[in-house]
Amino acid sequence: MNNMEASKFEKLRFVGSRPIRHDGLEKVTGQARYGADISFPQMLYGKILRSPYAHARIKSIDFSRALALEGVQAVVTSSDFPKPWLTDETGIDSKLINIKFSSNNVLAGEKVLYKGHAVAGVAASNAYIAEKALDLIDVSYEILPPILDVMQAIKVNAGIIHEGMFPYPESGLIASEFNSSLISNSTLDMSNHHQGDDSKYSNIAGYYIQEIGDIDKGFMDADVVVEREYNTGSVHQGYIEPHSATAIWNRDGKVTIWCSSQGHFGMRDQTAEVVGIPASDIKVIPMEIGGGFGGKTTVYLEPVVAMLSKKTGRPVKITMTRQEVFEGTGPTLGSYMKVKIGATKDGMITAAQALLAYEAGAFPGSPVNMGAQCIFAPYDIPNGKVEGFDILVNKPKVAAYRAPGAPAAAFAGETVIDELSCKLNIDPLLFRLKNSAKEGTRRISGPVFPRIGFLETVEASRIHPHYLSDFGGPNRGRGVAAGFWFNGSGPSSVIVNANADGTVSLIEGSPDIGGTRVAVAMHVAEVLGIPIADVHPSIGDTDSIGFTSMTGGSSVAFKTGWAAYQAAQDLKAQMIERASDIWDVEAGEVNLKDGKFNHSTNQDLQMDFKELAGMLNATGGPIVGRAAINPGGAGAAISVHIVDVEVDPETGKLTILRYTVVQDVGKAIHPDYVEGQMQGGAVQGIGWALNEEYIFDKEGVIKNPTFLDYRMPTSLDLPMIDTHIVEVNNPGHPYGVRGVGEVPIVPPMAAIANAINSAVGIRMNTLPMSPPVLLEALWANNGAGKVYGD
Amino acid sequence: MARVFIPTMLRALADGNAELKIEASNVREAVDLLDVKFPGFKLQILEDGKLRSNIVVAVDGETSRLGLLEKLHTDSEVHFIPAIGGGAQ
């Protein structure tokens, strides 16, 4: 482990240690309660009727036969949801269009927009009856041609997914009158761009551009220019726990929802919008979550079970099947990308240009702006231009997936960087080092970087034993790639109660997905000097703790860790005050060190934390520490991956021989969980690189909606993923924390593609690089030195 | 005066300027002054008087948690950039 600037934290007792997680026993013994584990007397079970078509207009829905089935209690459709976006004058209030999209994704409105799109919900006395009732709902469809990728979406006569909603909605930086001219001048071939029957409509939901310097001059100054095109397919987050939600709509109008999510406050607020009641009338109780990776930040079932409960007056639960998860929840994007980078003979980048066209799915909102901001972020680019297109297709609405938008972009950007370094005969890590962004570097998007650890991470990679080792052998190769992720922050609330037995109850609002309970508790232990096991963390429901933004953006250890630090400081100050009252001295004369209160000069005045905690109720009452913050300074994350592969030229099968993740983590609060995130991100990226993809037929039907056919890597497919923690402390956090969860998924696809080129001399430009694709590339190129797809 | 960087998307609205110097005490005042100079600018940044949900303001390289209330200094840099979400674990 490198300990850059570590002196500030040398005296920490608990931060940096590896204690057992508080929730470990419950989880390994099966006692932890996940979304589907909730049950109530008189509870009804729900099922969702889903569209068999990728694109169709709903002409009518008749559920009278379903309601007549014994045991069926209620059916809901989109007509049961309020429609605040409709106005008398215009039909649609554009300010409320996002509510319409959210509502119509939960239950389809005028059209179904992807295979698996929810159409109706049924509640019955058991799940079998509910399932049977689905067959009794008669839906009349007018089938429309599906639009399945970005290039098809912009073709003449491709059809329009949302009539009347576009062109290019006026949402912030997307200004329609300027978009049109910008898009027509963009590098995406829009000559065949379909604009609907009256030239008003489009499947392009958004456009984004950022520039720095003079891109034309930058390419003129280059000695070598590489330009490539890329295509990537849709992949799913692949969390193990399917979505599940249970609701009780009480007669007083108050609603309680149990679900597993990445943010129960977000679930509350989104549900409130869709069902049309105040958020304060809804309480969401968070269950344990079996993985999310960004995909559990959106409501799917919650409004449906709420409305079914309202209709029946009974608790209602719906749990998705795996097929429903694949077909009805957000995957990440498919994309078309074009990247062009120029450099001088001595390896300095003079210009970098990218076009990213990302699938949004059925509703606007791909993370193309994030991909656009990440693609060249590790580098100091003097002249740059990045354009992003958000394009509607008849696939499930994309949801966030670990560093949303960045992995696909890095696949394109980092393989062009690699090709440039090869053409210039410069070591690929040295090439990155020469061009690395550092503190003060102005990004293409405008702001300058604060302290980041790209230099240190690349340096650590260059001297890593893996990089210095020999990977020799036929058809073997090594690849490297870098990745960048912003890291997020947001509002977070924490309460700490001093208990009479000397323990501390910690209530936070961040669902724990990756071991953050213990990481947050470690902040409290460090401030108070008490054992980590004496801090008892729990996740409060939406009525029990202040607003806390979602567990996403690699933000929890940063924002909620900081909130816990602040709450513990508040508790500490109050307890010092109480000790001073008991001792009849000034508070400024009392200290807390290593869990013991003492007077600065009178050594007879000492008591440990537990002793004072036991006296609180009798000396003025309990003490509660609190913090509600929204901190800035999250600090960006950088990761460099090194991978050795072997390609079987007979079958196209690729074997990962060795894999190392080198990452700047700021300060590793709990190194075990930091390493776990680094390994987990790499494994997900390897799956994305080699196997994972939604396979659609020409009608837009997913042909592999099970884990049997949607191939995710297992431990049997992989070697041990080695990790190397670099600690360039984040000056924006009390203990130097940077988010760690997302950036490790950014480099794997490019690193593996670069390793394939090293092994067999083929530049891959599609994902996944599965055995049949790789074999076809080997056959097509009949040797080395070509680009597959050219 | 604070340096306000105009997003590429809005430069046509701001007479092609990529950067402007604005005498403003906070971001809201800067947006108001830009709207006076370039009518319609505010509409692209604000909705119902608040920053649009898909936009964040970065001041001096740091995403502002205060948004329009963020104070500006004479050497401050202001950027309007798309908001970032995410999804680890």
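Predicted model: local features only at pLDDT ≥ 70, side-chain atom pairs only at ≥ 80, totals over all residues.
Trainee: How many salt bridges does the count come to over all chains?

Mentor: The count comes to 40. Take E142(A) and R57(A), whose side chains meet at 3.5 Å, N to O. E142(A) belongs to strand β7 and R57(A) to strand β3 of chain A, so this pair ties together parts that are 85 residues apart in sequence.

Trainee: Are those two buried or partly exposed?

Mentor: E142(A) is partly exposed, with a relative accessible area of 36%. R57(A) is partly exposed as well, at 29%.

Trainee: Which residue forms a salt bridge with R268(A)?

Mentor: That is D269(A), and the closest N and O atoms are 2.9 Å apart. R268(A) is buried at 15% relative accessibility, while D269(A) is partly exposed at 27%. There is also a network, in which salt bridges with shared partners join R21(A), D23(A), K27(A), E288(A), D512(A) and R517(A).

Trainee: New topic: sheets! What is the strand order in the open sheet of 3 strands?

Mentor: The order is β21-β22-β23 in chain A, and the pairing is antiparallel. Strands β21 and β23 of chain A stand at the edges with a single partner strand each, so one side of each has no neighbour in the sheet. On average, neighbouring strands of this sheet are turned by 20° against each other, ignoring direction.

Trainee: Which helix packs on the sheet?

Mentor: Helix α17 of chain A, residues 556-583, packs on the sheet and touches β21, β22 and β23 of chain A. The direction of α17 makes about 130° with that of β21(A).

Trainee: What about strand β18 of chain A, which strands is it joined to?

Mentor: β18(A) runs antiparallel to β24 of chain A, with 6 bridges joining them. On β19 of chain A, also antiparallel to β18(A), there are 5 bridges. Of the 7 residues of β18(A), 5 are buried, so the strand is largely enclosed by the rest of the structure.

Trainee: Let's do a helix. Which residues of helix α21 in chain A are buried?

Mentor: L774(A), L775(A), A777(A), L778(A) and N781(A) are buried. Looking down the axis of α21(A), these buried residues fall within an arc of 155°, so they line one face of the helix. The face turned away from the buried side carries the exposed residues P772(A), W779(A) and A780(A).

Trainee: Why would residues a few places apart point the same way?

Mentor: An α-helix has 3.6 residues a turn, so residues three or four places apart point the same way.

Trainee: Last one: what kind of peptide bond joins L767(A) and P768(A)?

Mentor: It is a cis bond, with omega about 0°. P768(A) is in the loop between β29 and α21 of chain A. Most peptide bonds are trans, and most residues other than glycine have a negative phi.

Trainee: Which residues have a positive phi, then, although they are not glycine?

Mentor: Among them are F293(A), at about 55°, and D584(A), at about 60°. F293(A) is buried at 16% relative accessible area, whereas D584(A) is exposed at 69%.

Note on methods. Residues numbered from 1 in each chain as written. Chains lettered and ligands numbered in written order. Heavy atoms only, no water. Pairing = 2+ DSSP bridges. Helix = DSSP H or I, 4+ residues; strand = E, 2+ residues; numbered from the N terminus. Axes fitted to C-alpha atoms, helices over the stretch in contact; angles between N-to-C directions. Contact = heavy atoms within 4.5 Å. Buried < 20%, exposed > 50% of the residue type's maximum accessible area, 1.4 Å probe, protein only. Arc of directions from axis to C-beta. Salt bridge = Lys/Arg side-chain N within 4 Å of Asp/Glu carboxyl O.
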